[in-house]
Amino acid sequence: MLGYFFVIMISVGMLFCIMNGTADLALGYMLEGADSALELMLGLGGSYILWLGIMKVAERAGLVTALSRRMEKPLRLLMPNVGSAAAPITLNLAANFFGLGNAATPFGIEAMKELTKNRGERSSIASNDVCMFLALNSSCIQLIPTSVIAIRTACGSSNPSSIILPTLISSILSSILTIILCKLCGRLSHDEMG
């Protein structure tokens, strides 16, 4: 659906450029935009490859399994029915911790599957654990905002890492607020249902 929208937008834009006699100028801007997008993609690709490689090495070395065992108890405080979702949730939060939001997505999908696996008919209704995971995934603490630093580097920032401390502080505060609000909303919804 969205693809059709973009085709229509580009077609209408090109039609107006042809009618105004600025088609050559529009084509030049499109090619310039494509070059910039490619440069940005290559800049981001390096950081993603690095951190995904580190995550894969940690997984093969057994560090991920050890970390998920250690994280199971704290995760149970936030999500009492975490069960087999502990490992993908841990990987998701770790990827987000290092600022790799896109790399965290497959782990997040796996965690959602595990969290909803045993819900049967009620799998279409989000449980409190699912809501907590989604909220934590969205507001996750970021030690190193790798993606943003890579974007700032690709765009020529003179000090791309200057956002580390503000990002860390704001992500810690947002995660604390997220946990408080999810627990409060979970209690309110439980009170209404019970």
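Trainee: Is Met-14 buried, partly exposed or exposed?
Mentor: Met-14 is partly exposed, with a relative accessible area of 25%. Buried means under 20%, exposed over 50%, and partly exposed lies in between, using a 1.4 Å probe and protein chains only. This is a predicted model: local features need pLDDT of at least 70, side-chain atom pairs count only at pLDDT 80 or more, and totals for chains, interfaces and linings use all residues. Residues are numbered from 1 along each chain as its sequence is written, and side-chain values use heavy atoms, without hydrogens or water.

Trainee: Where is Met-14 placed?
Mentor: Met-14 sits in helix H1, residues 2-20. Helices are DSSP runs (H or I, at least four residues), numbered from the N terminus.

Trainee: New topic. What angle do H5 and H6 pack at?
Mentor: About 165°, with the axes 10 Å apart. H5 covers residues 101-116 and H6 covers 128-138. Axes are lines fitted to C-alpha atoms over the stretch in contact, and angles run from 0 to 180 degrees between N-to-C directions.

Trainee: How are they oriented to each other, then?
Mentor: H5 and H6 are therefore roughly antiparallel. That label applies to angles over 145 degrees.

Trainee: Which residues make the contact?
Mentor: H5 brings Gly-108, Ala-111, Met-112, Leu-115 and Thr-116. H6 brings Asp-129, Val-130, Phe-133 and Leu-134. Contact means heavy atoms within 4.5 Å.

Trainee: And what does Ile-89 touch?
Mentor: Leaving aside neighbours within four places in sequence, Ile-89 contacts Leu-75, Met-79, Val-82, Ala-111, Leu-115 and Phe-133.

Definitions and conventions:
Helix = DSSP H or I, 4+ residues; strand = E, 2+ residues; numbered from the N terminus. Parallel < 35°, antiparallel > 145°, perpendicular 65-115°, else oblique.
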